[in-house]
Amino acid sequence: MQILCIMLSDIAQIRLVSSHPEVYDPCDDSFALVDALLADRANLLEHHPSICLEIGCGSGYVITSLALLLGKEASGAHYMATDINPHAVGVTRETLEAHGCHAELVNTDIALGLEKRLARSVDVIVVNPPYVPTPEEEVGCFGITSSWAGGENGRSVIDKILPVADKLLSEKGWLYLLTLTANNPLEICLLMRKKGYASRIILQRSTEEESLHIIKFWRDLDTLLEVKESMVLNKTDNRTVTESLPFPSFSVWRNLSRNFN
Ligand SMILES: C[S@@+](CC[C@H](N)C(=O)[O-])C[C@H]1O[C@@H](n2cnc3c(N)ncnc32)[C@H](O)[C@@H]1O
């Protein structure tokens with residue numbers, strides 16, 4: 001019982017999470033993301049993050065949970081969260097306050113206006129993006145629709161977030177991204193691989209409706225060297241390139257695809 005109480009106080013409490021009709025309430029995906037952060041808590045504490053950023057904070061359940069689970073042991077950390085929906089920023093502020101936490105909140109598209117200030121300096125980025133495949137016209141709509149509308153294959157917003165995350169992440173930075181099988185997570189890992197990132201599934205959860213993966217990305221020297229080698233090959237032998245780019249070596253490819261099956 002005591003252990004249960006300690007665990008519960010380590011993350012945001014649903015009864016203290018604020019709400020608004022136009023803001024996404026915490027759901028299975030939000031819980032999966034927080035569970036993944038909890039599962040990786042020991043590593044996060046050792047990571048000593050200076051700046052943690054959530055992109056698309058909705059109700060504030062995730063950023064508040066992150067601040068609580070890192071707690072006093074990461075007392076120097078600065079928390080930030082963005083959302084394209086102005087109501088979400090207000091609701092997140094209330095959720096943080098109800099838990100005695102603080103974060104800098106910005107109503108913006110992904111991290112527009114923050115790129116210069118945060119370039120190469122964010123140690124942890126967490127994202128539960130709008131991932132549901134929808135008609136492209138629904139992407140970026142005002143209000144609650146922006147919570148789920150992901151465009152073709154649910155990838156429109158994800159594909160905009162990835163290059164921004166690459167610019168903001170510090171050398172030791174980690175990205176935790178939630179994806180749906182329909183988003184083609186393997187392809188996302190390969191895209192990030194081309195930018196020099198290794199990846200690992202921290203948590204996989206299947207509900208009746210969807211199969212979710214929380215993937216952690218980090219910059220990896222071996223991955224970067226492999227990509228650079230492929231590029232050199234590209235310059236010296238066009239035939240080899242078609243075979244070696246953009247895909248990683250067969251063993252890596254096999255391991256990655258096995259994870260998503
Ligand atoms: C699936 S909801 C997740 C909300 C919250 N993080 C959670 O896990 O409960 C996605 C959130 O991303 C926000 N969003 C959608 N497009 C965005 C964009 N281009 N920039 C910033 N936030 C965005 C939505 O308004 C919504 O709050």
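## The ligand shell

By class, the residues around the ligand comprise 14 nonpolar, nine polar and two charged ones; Ala, Val, Leu, Ile, Met, Phe, Trp, Tyr, Cys and Pro count as nonpolar, Asp, Glu, Lys and Arg as charged, and the others, Gly among them, as polar. This is a predicted model, in which local features need pLDDT of at least 70, side-chain atom pairs count only at pLDDT 80 or more, and totals for chains, interfaces and linings use all residues. Residues are numbered from 1 along each chain as its sequence is written.

Ser30, Gly56, Gly58, Ile84 and Asn128 come nearest of the 25 residues around the ligand (near: C-beta atom, placed from the backbone, within 6 Å of the molecule). Helix H7 (145-148) gives the most to this shell, with three residues (helices, H or I, of at least four residues and strands, E, of at least two are DSSP runs, numbered from the N terminus).

## Gly58

Gly58 lies in the loop between strand E1 (51-55) and helix H4 (61-70). Gly58 counts as buried because 30 C-beta neighbours lie inside 10 Å (buried: 20 or more other C-beta atoms within 10 Å of its own; exposed: 12 or fewer; partly exposed: in between; C-beta atoms are placed from the backbone).

Leaving out residues up to four places away in sequence, Gly58 touches Val23, Tyr24, Asp83, Ala88 and Ser147 (contact: C-beta atoms, placed from the backbone, within 7 Å).

## Helix H8

The buried residues of helix H8 (residues 156-168) are Ser156, Val157, Ile158, Ala165 and Leu168. These residues pack against E1, helix H6 (115-118), strand E4 (122-127), strand E5 (169-180) and helix H9 (185-194).

Technical notes:
Two residues are in contact if their C-beta atoms, placed from the backbone, lie within 7 Å. The expected span of a helix is 1.5 Å times one less than its number of residues.
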